[in-house]
Amino acid sequence: MSFKKNKYLVVKNCIPRMIANYSYHYLLLKRAVFQKLPTLPHFGTFRDDQVPGTYSHYSDVLMDTLLVEVHPIMEKKTKLKLFPTYSYCRVYKKGDVLERHKDRPSCEISTTLNLGGDNWPIYLEPSGKKGLKGVKINLKQGDMLIYSGCELEHWREPFEGEECTQVFLHYSTKLENRFDKRPMLGLPK
């Protein structure tokens, strides 16, 4: 399968299981600390616009480190010169839904990387036509889906498991989107 032709590509075992598991447990602990001390600055939020009430974090330092580490894989698989923009992670819970959407320019080329938890497929519509059923993609821990976030609608149906932790690593072909227009990675918006 070619990213250039299909605008998406699955990479099995992108990161070692130990790194995925470490990142998964790191986010679970971080969420628990934030629940006890919700006034900690830059520790995440439960006010995500796309999935309200679900723990998420923009540009966590560990997740931005994954963004940098996965960067060479992204360029190799897409055959594109890419600039890292930002990471975004969520610890999804039972009943969560990710509505059909396309991404903003800083998410031109994106990946969703399964860090752990229960299986929860993501859907893509590679034809570009609205309202079609789409392609269902299941990712195991450490697997990632690379996709053209601004071109392909993507979504998740209601989550029936207990929790699923994903990190989204975003890249752009345009230098002006580098670091999501911040001076460096790891900083808030």
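I started with Lys189, which lies over the face of Tyr58, 5.2 Å from the ring centre. I count a charge as over a ring if NZ of Lys or CZ of Arg is within 6 Å of the ring centre and within 35 degrees of the ring normal. Lys30 lies over the face of Phe43, also at 5.2 Å from the ring centre.

The model is predicted, so local features need pLDDT of at least 70 and side-chain atom pairs pLDDT 80 or more, while totals for chains, interfaces and linings use all residues. Residues are numbered from 1 along each chain as its sequence is written, and side-chain values use heavy atoms, without hydrogens and water.

**Helix α2**

I checked the length of α2, residues 17-36. At 1.5 Å a residue, taken times one less than the number of residues, its 20 residues should span 28 Å, and the end C-alpha atoms are 29 Å apart, which agrees. Helices (H or I, at least four residues) and strands (E, at least two) are DSSP runs, numbered from the N terminus.

I then listed the buried residues of α2: Ala20, Ser23, Tyr24, Leu27, Leu28, Lys30, Arg31 and Phe34. Seen down the axis, they fall within an arc of 165 degrees, so they line one face of the helix; the arc is that of the directions from the axis to the C-beta atoms. Buried means under 20% relative accessible area, exposed over 50%, partly exposed in between (1.4 Å probe, protein chains only). Exposed Met18, Tyr22, Leu29 and Lys36 sit on the face turned away from the buried side. The buried residues pack against β2 (55-58), α3 (61-78), β3 (83-93), β5 (109-117) and β10 (163-172), with contact meaning heavy atoms within 4.5 Å.

**Aromatic pairs**

I found seven aromatic pairs. Rings of Phe, Tyr and Trp (its six-membered ring) pair if their centres lie within 6.5 Å; planes under 30 degrees apart are stacked, over 60 edge-to-face, the rest tilted. Tyr92 and Trp120 are edge-to-face, at 4.7 Å centre to centre and 75 degrees between the planes. Tyr92 is in β3 and Trp120 in the loop between β5 and β6 (122-125), so the pair ties together parts 28 residues apart in sequence. Tyr92 is buried at 0% relative accessible area, and Trp120 is buried at 6%. Ring pairs also link Phe34, Phe46 and Tyr55 into a cluster.

**Strand β5**

I noted that eight of the nine residues of β5 are buried. Pairing needs at least two DSSP bridges between the strands. Leu113 stands opposite Met144 in β8 and has Val167 as its bridge partner in β10.
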